[in-house]
Amino acid sequence: MGSIRLTTAQALVRFLNNQYLLVDGVETRFVNGIFAIFGHGNVLGLGQALEQDSGDLVVYQGRNEQGMAHAAIGFAKQKLRREIIACTSSVGPGAANMITAAGTATANRIPLLLLPGDVFATRQPDPVLQQIEQSHDLSLSTNDAFRAVSKYWDRINRPEQLMSACINAMRVLTDPAETGTVTLALPQDVQGEAWDYPDYFFQKRIHRLDRRPVSTAQLDEALKLIARKRKPLIICGGGTKYSEAGEALRQFAEQYGIPFAETQAGKGTLLSDHPLNVGGVGETGCLAANLLAQESDLVIGVGTRYSDFTTSSKWIFQHPDVSFLNINVSPFDACKLDGVQLVADAREALTALNERLVETEFTNGWGQQIERAKSQLHHEIERVYKVEYSATDFTPEIADRCDSAALFAEFNRLTDSFLTQSSVLGMLNDNLPKNAVIVAAAGSLPGDLQRVWRTKDYNSYHLEYGYSCMGYEVGASLGVKLAEPHREVYTLVGDGAFMMLHSELVTSIQEGAKINVVLFDNMTNGCINNLQLGNGSESFVTEFRFRNAESGQLDGGFIPIDFATIAAGYGCKTYRVNTLSELKQALADARIQTVSTLIDIKVLPKTMVHNYFSWWHVGAARVSQSEQVDAAAKAQGEHLDQARKY
């Protein structure tokens with residue numbers, strides 16, 4: 001047996017260079033590169049190893065640890081979990097900055113490899129700079145906080161521990177049922193320690209993503225369930241897209257005339273113009289899907305984890321005899337809603353169902369309802385895309401009678417804009433390149449996009465809504481662009497989320513990886529402001545206002561911000577937009593730019609698309625001094641009585 005003497009960090013880099021994924025006969029290098037922000041705790045260990053010999057790993061320079069990790073998530077998600085970019089940080093704050101991203105990846109079932117530096121394993125210099133000391137347990141460090149948001153966590157306290165840790169890391173990262181964040185904490189002294197590693201640790205490893213086949217017994221049970229139902233509705237989740245089951249879904253749905261709705265992660269698996277695609281379902285669902293969901297007697301969930309937004313807090317399925325058939329590679333997700341379980345790869349399961357359902361007595365009872373619902377959806381989308389205002393809508397007389405008009409008038413005085421959020425989305429949907437990828441994550445935009453955005457190309461809809469992480473948008477867009485350099489990438493982001501985190505705009509400039517940031521500035525955290533108002537409260541610290549010297553509260557005038565100037569300072573080509581014609585011109589000019597762009601759009605508050613027959617279980621106050629809050633709490637209780645209990 002041969003061996004080679006390397007530091008722990010050098011051995012880790014060499015190992016990562018030799019990992020491959022085999023899917024359907026196609027072999028792909030699994031670890032594409034590594035995002036790094038070097039500081040004490042990783043610069044002399046992993047940094048030295050990468051400087052000496054990074055192999056085929058591309059080393060990217062991040063600006064914020066959370067931002068670069070979001071870029072890695074965006075890359076892996078766009079690559080359908082077939083390739084990843086790892087991330088390394090220093091100890092202390094650098095590591096802690098990645099915790100939010102770790103939660104984002106794990107919630108969304110996206111592989112993310114984090115390599116944070118850690119305090120000294122020897123403890124000789126304790127407390128080292130940035131070390132948190134816990135008097136009851138000296139083994140704890142900042143990195144222990146990753147345990148709650150990681151699917152696999154390990155600390156490498158000796159060089160030889162690296163080997164079993166790396167094998168287990170790859171096991172989890174490449175497992176479609178268990179994937180998420182993998183955190184390998186690397187004490188800074190251990191990174192530099194040398195050990196004689198066996199040659200075979202660095203051999204080329206091919207991790208086979210074998211499609212889990214269908215169990216005959218489970219398939220028989222699923223067929224019996226379908227056969228006795230008349231109005232099935234498929235929910236297409238992210239697992240459908242990751243298993244590349246779109247064609248199998250299309251064949252199954254068309255063969256038996258079954259409509260399919262979409263989750264945020266599943267949207268775009270099949271295009272919006274398919275006659276059986278009834279759009280997004282649930283709390284942020286559209287008119288068509290939510291109408292059918294209330295009548296469905298069988299929900300066939302394919303690759304979905306049934307979040308509360310998808311199920312409208314388990315309320316939207318109102319048929320008294322509704323049942324659930326859950327197709328999922330993860331047994332954990334397959335057992336949800338007390339459903340019949342079909343634990344298998346989505347493509348394998350749909351193909352098997354399609355071949356065997358002909359043996360049953362299944363007949364579709366939807367009749368013309370699907371076509372009518374699609375027609376209603378089409379007309380509704382056209383309506384909201386054309387909602388516009390003008391100066392005559394904001395006269396003093398109207399403003400005095402209407403709170404919204406007064407708000408619009410105030411906003412218009414600062415911005416000279418009459419744009420609505422829904423009309424801007426309509427302009428974007430009509431004018432972006434067909435193969436462009438849109439990226440969004442939090443606020444009101446994901447709801448509007450799931451309700452009214454028409455997907456026109458495969459894998460062109462990139463939404464993070466498992467964690468609804470504000471600040472994901474810009475970093476993830478960089479990751480998407482690195483994954484698919486030939487496609488235009490558009491970041492749809494609100495002003496609140498942009499201010500949370502946009503540091504990787506600089507990295508996009510550095511890498512020549514052009515992204516287009518379309519910024520909706522309504523001077524409000526609009527989604528949460530709507531949640532307040534919809535549950536009886538007034539606007540309270542959700543609009544971006546100056547502190548009022550008279551009231552002492554944050555209820556002064558709006559704070560105007562010139563986001564275009566911020567982005568221009570980074571080197572972006574920027575535009576300021578107040579009309580639809582200006583937006584159309586900006587989009588056309590942005591297409592021909594070679595650097596990242598930002599379009600600063602001032603949009604009227606309260607002009608997003610609202611709910612269609614949905615409900616969301618939120619923690620309404622059960623005791624208050626407000627009649628409106630009391631009424632909202634009562635309504636919450638009434639809806640909860642109609643919802644499934646588990």
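Helices (H or I, at least four residues) and strands (E, at least two) are here DSSP runs, numbered from the N terminus. The model is a predicted one. In it, Ser 313 has a phi near 55°, which is a positive value in a residue other than glycine.

The peptide bond that runs from Asp 126 to Pro 127 is cis, and its omega is near -5°. Pro 127 sits in the loop between strand S7 (112-118) and strand S8 (152-155).

The chain as a whole is divided into domain 1 (3-208), domain 2 (216-377), domain 3 (393-602) and domain 4 (616-645). Taken over C-alpha atoms, the centres of domain 1 and domain 4 are separated by 45 Å.

For residues 219-353, the unreviewed UniProt entry gives "domain: Thiamine pyrophosphate enzyme central". Residues 219-353 are 36% helix and 20% strand, with end C-alpha atoms 7 Å apart. The unreviewed UniProt entry also places "domain: Thiamine pyrophosphate enzyme TPP-binding" at residues 442-601. Over residues 442-601 the make-up is 39% helix and 16% strand, and 17 Å lie between the end C-alpha atoms.

The next step is to see how some of the helices pack. Helix H1 (residues 8-16) and helix H6 (residues 161-173) have axes that come within 11 Å and cross at roughly 30°. Angles under 35 degrees count as roughly parallel, so H1 is roughly parallel to H6. H1 passes H6 in a right-handed crossing. On the H1 side the contact is made by Thr 8, Ala 11, Leu 12, Phe 15 and Leu 16, and on the H6 side by Leu 162, Cys 166, Ile 167 and Met 170. By class, the contact of H1 with H6 has eight nonpolar residues, one polar residue and no charged ones.

Another pair is formed by helix H3 (residues 65-78) and helix H20 (residues 472-483), whose axes come within 6 Å and cross at roughly 45°. Because of that angle, H3 is oblique to H20. The crossing in which H3 passes H20 is right-handed. H3 contributes Gly 67, His 70, Ala 71, Ile 73, Gly 74, Phe 75, Lys 77 and Gln 78 to the contact, while H20 contributes Tyr 472, Gly 475, Ala 476, Leu 478, Gly 479, Val 480, Leu 482 and Ala 483. Sorted by class, the residues of the contact of H3 with H20 are nine nonpolar, six polar and one charged.

H20 also packs with helix H22 (residues 504-511), at an angle of about 20° and with the axes 9 Å apart. H20 and H22 are therefore roughly parallel to each other. In this pair, H20 passes H22 in a left-handed crossing. Val 474, Gly 475 and Leu 478 of H20 make the contact with Glu 504, Leu 505, Thr 507 and Ser 508 of H22. The contact of H20 with H22 has three nonpolar, three polar and one charged residues.

Key:
Residues numbered from 1 in each chain as written. Predicted model: local features only at pLDDT ≥ 70, side-chain atom pairs only at ≥ 80, totals over all residues. Heavy atoms only, no water. Axes fitted to C-alpha atoms, helices over the stretch in contact; angles between N-to-C directions. Parallel < 35°, antiparallel > 145°, perpendicular 65-115°, else oblique. Left-handed = near helix turned anticlockwise from the far one by under 90°. Contact = heavy atoms within 4.5 Å. Nonpolar A, V, L, I, M, F, W, Y, C, P; charged D, E, K, R; others polar. Domains from an automatic or database assignment. UniProt positions renumbered as here; feature names shortened; annotations may be inferred.
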